[in-house]
Amino acid sequence: MAEQQQYFLKWNDFQTNMVTSFRHLRNEKSFTDVTLACEGQTCKAHKMVLSACSPYFKSLLEENPSKHPIIILKDVSYNHLQAILEFMYAGEVNVSQEQLPTFLKTADRLKVKGLAETPTNIKREG
């Protein structure tokens with residue numbers, strides 16, 4: 001039997017499209033399935049994105065299955081939470097120099113990949 005020819009198909013701007021799609025889903029609050037709460041305010045998010053970006057959230061969500069959980073984050077500022085979500089959904093975020101140390105501490109506590117593991121890779125913008 002003759003071997004069939006295989007074709008490699010690649011979506012050249014896959015990563016760009018995914019980032020754009022994630023950002024759109026977050027902005028539109030489409031399909032959100034988790035609520036994060038801190039400082040009396042809430043943010044809607046997606047379990048899949050949180051789990052992909054943080055072993056802390058992955059473990060928490062796996063251990064406590066719920067259709068739409070509400071996660072209360074103690075000692076997390078709402079501004080830091082918003083910035084962390086922006087980083088998770090877009091892969092980048094701007095943080096002021098004055099906020100950077102406490103922001104990184106929060107990201108470390110939440111085990112945010114790309115911030116908690118290698119904070120020296122953060123590009124300074126002036």
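Guide: In this predicted model, Thr106 is a residue of helix α5. Its relative accessible area is 3%, so Thr106 counts as buried, the limit being under 20%. Leaving aside residues up to four places away in sequence, Thr106 has contacts with Val76, His80 and Ile84.

Two of these partners, His80 and Ile84, belong to the contact that α4 makes with α5. Helix α4 covers residues 78-90 and helix α5 covers residues 100-109; the two pack at an angle of about 65°, and their axes are 10 Å apart. Because an angle of 65 to 115 degrees counts as roughly perpendicular, α4 and α5 are classed in that way. The crossing of these two helices is right-handed. On the α4 side the contact is formed by His80, Ala83 and Ile84, while α5 contributes Thr102, Phe103, Thr106 and Ala107. By class, four residues of this contact are nonpolar, three are polar and none is charged.

Helix α4 also meets helix α1. The axes of α1 and α4 come within 8 Å and cross at roughly 140°. From α1, the residues involved are Val19, Phe22, Arg23 and Arg26; from α4, they are Gln82, Leu85, Glu86, Tyr89 and Ala90. This contact of α1 with α4 comprises five nonpolar residues, one polar residue and three charged residues. The contact of α4 with α5, by contrast, has no charged residues.

Ala45 and Leu85 are 40 residues apart in sequence, yet the distance between their C-alpha atoms is 8.0 Å. With a relative accessible area of 0%, Ala45 is therefore buried.

His46 is located in the loop between β2 and α2 (47-53). This residue has a relative accessibility of 9% and so counts as buried too. Beyond four places in sequence, His46 touches Leu25, Arg26, Ser30, Phe31, Thr32, Asp33, Val34 and Tyr89.

Lys29, in the loop between α1 and β1, has a phi near 55°, a positive value in a residue other than glycine. Glu39, in the loop between β1 and β2, likewise has a positive phi, of about 50°, although it is not a glycine. Glu39 counts as exposed because its relative accessibility is 56%, over the 50% limit.

Finally, a word on confidence. The chain averages a pLDDT of 90, and 91% of the residues score at least 70. Confidence is lowest in helix α1 (residues 14-28), with a mean of 90, and highest in strand β1 (residues 34-38), at 97. Where pLDDT is low, the predicted coordinates should not be read in detail.

Technical notes. Residues are numbered from 1 along each chain as its sequence is written. This is a predicted model: local features need pLDDT of at least 70, side-chain atom pairs count only at pLDDT 80 or more; totals for chains, interfaces and linings use all residues. Side-chain values use heavy atoms; hydrogens and water are left out. Buried means under 20% relative accessible area, exposed over 50%, partly exposed in between (1.4 Å probe, protein chains only). pLDDT is the predictor's confidence in each residue, from 0 to 100. Helices (H or I, at least four residues) and strands (E, at least two) are DSSP runs, numbered from the N terminus. Axes are lines fitted to C-alpha atoms, for helices over the stretch in contact, and angles run from 0 to 180 degrees between N-to-C directions. Angles under 35 degrees count as roughly parallel, over 145 as roughly antiparallel, 65 to 115 as roughly perpendicular and the rest as oblique. A crossing is left-handed if the near helix is turned anticlockwise from the far one by less than a right angle, and right-handed if clockwise. Contact means heavy atoms within 4.5 Å. Ala, Val, Leu, Ile, Met, Phe, Trp, Tyr, Cys and Pro count as nonpolar, Asp, Glu, Lys and Arg as charged, and the others, Gly among them, as polar.
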